[in-house]
Amino acid sequence: MAASHTDFMAPTTPATQRRRRRGAARPVPAVADWTRAGLFGRLSGVDRIFTLEQARLLMPDLLARADDIVAARADLVELQTALNQGTASPLGGLPEVKALEARLSESLGWFSAEGLDLKGIAPLLLDFPAQLNGDDVLLCWLEGERELRWYHKPEHGFAGRRPIPSTAPGTQA
């Protein structure tokens, strides 16, 4: 059952109610409900469910894409900063910014095409929808990690990350 608008609203004060009437306040999840299923960490709309072995077989391609994205992201930030400050950059100008944006878009699109759930780009954070020992989980990879070693339940999100147990099917010793 989906949470209604009022189910996840923080407690209100008269000042908050006045701001809402003026359209200034936005509903936010109550602090105690930040992990409630249906609000955060739900399985994405991707169609693929990975086995641990399938996810680990995809890691070399994922790492190559991730390395490219990290480099392009850094170049893009440097170029945009130079353009915003009106200074020259050895990396180029506006045409190079547009090329980097297109490169990033294509590279980031690869993750969705492979069935991965892109959670963030700085740092790069990806989930592989999976089943582990019969439970729905998200195998979780964070930029800088060179192997897939973490998972969390969809309703627990990143804060609930745990090491993949060595007894899980498809786990390499």
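Arg 146 lies in the loop between strand S3 (135–142) and strand S4 (150–152), where helices (H or I, at least four residues) and strands (E, at least two) are DSSP runs numbered from the N terminus. This is a predicted model, in which local features need pLDDT of at least 70 and side-chain atom pairs count only at pLDDT 80 or more, whereas totals for chains, interfaces and linings use all residues. Residues are numbered from 1 along each chain as its sequence is written, and side-chain values use heavy atoms, with hydrogens and water left out. The secondary structure of the protein comes to 3 helices and 5 strands, and from the N terminus on these elements follow the order α-α-α-β-β-β-β-β.

- Not counting residues up to four places away in sequence, Arg 146 touches Met 59, Leu 63 and Asp 67, where contact means heavy atoms within 4.5 Å.
- The C-alpha atoms of Arg 146 and Leu 63 are separated by 7.2 Å, although the two residues are 83 residues apart along the chain.
- The side chains of Arg 146 and Asp 67 are joined by a polar contact of 3.2 Å, a polar contact being a pair of N or O atoms within 3.5 Å, of which, within protein, one must be able to donate a hydrogen and the other to accept it, while residues adjacent in sequence count only if both atoms are side-chain atoms.
- Glu 145 lies in the loop between S3 and S4 and is buried, with a relative accessible area of 17%.
- The side chain of Glu 145 makes a polar contact of 2.6 Å with the side chain of Arg 161, and Glu 145 touches Leu 63, Cys 140, Trp 150 and Arg 161 when residues up to four places away in sequence are not counted.

**Helices H2 and H3**

- The axes of helix H2 (residues 52–85) and helix H3 (residues 94–113) come within 9 Å and cross at roughly 155°; the axes are lines fitted to C-alpha atoms, for helices over the stretch in contact, and angles run from 0 to 180 degrees between N-to-C directions.
- That angle makes H2 roughly antiparallel to H3, since angles under 35 degrees count as roughly parallel, over 145 as roughly antiparallel, 65 to 115 as roughly perpendicular and the rest as oblique.
- By class, the contact of H2 with H3 has 16 nonpolar, 2 polar and 9 charged residues, where Ala, Val, Leu, Ile, Met, Phe, Trp, Tyr, Cys and Pro count as nonpolar, Asp, Glu, Lys and Arg as charged, and the others, Gly among them, as polar.

- Ala 82 sits in helix H2 and is buried, its relative accessible area being 8%.
- Leaving aside neighbours within four places in sequence, Ala 82 is in contact with Thr 87, Ala 88 and Ser 89, and the C-alpha atoms of Ala 82 and Gly 92, 10 residues apart in sequence, are 9.5 Å apart in space.
- Ser 89 is placed in the loop between H2 and H3 and counts as buried at 15% relative accessibility.
- With neighbours within four places in sequence again left aside, Ser 89 is in contact with Glu 78, Leu 79 and Ala 82, and a polar atom of the Ser 89 side chain lies 3.0 Å from the backbone nitrogen of Leu 91.

- Leu 118 has its place in strand S1 (residues 117–121) and is partly exposed, with a relative accessible area of 27%.
- Beyond its neighbours within four places in sequence, Leu 118 is in contact with Leu 108, Phe 111, Leu 124, Leu 125 and Leu 126, while its C-alpha atom is separated by 10.0 Å from that of Trp 141, 23 residues apart along the chain.
- A cis peptide bond, with omega about 5°, joins Ala 122 and Pro 123, and Pro 123 is found in the loop between S1 and strand S2 (124–132).
- Asn 133, in the loop between S2 and S3, has a positive phi of about 55° although it is not a glycine.

**Whole-chain totals**

- Of the 173 residues of the protein, 32% count as buried.
- Among contacts between residues at least 6 apart in sequence, 47% join residues at least 24 apart.

Note on methods
Buried < 20%, exposed > 50% of the residue type's maximum accessible area, 1.4 Å probe, protein only.
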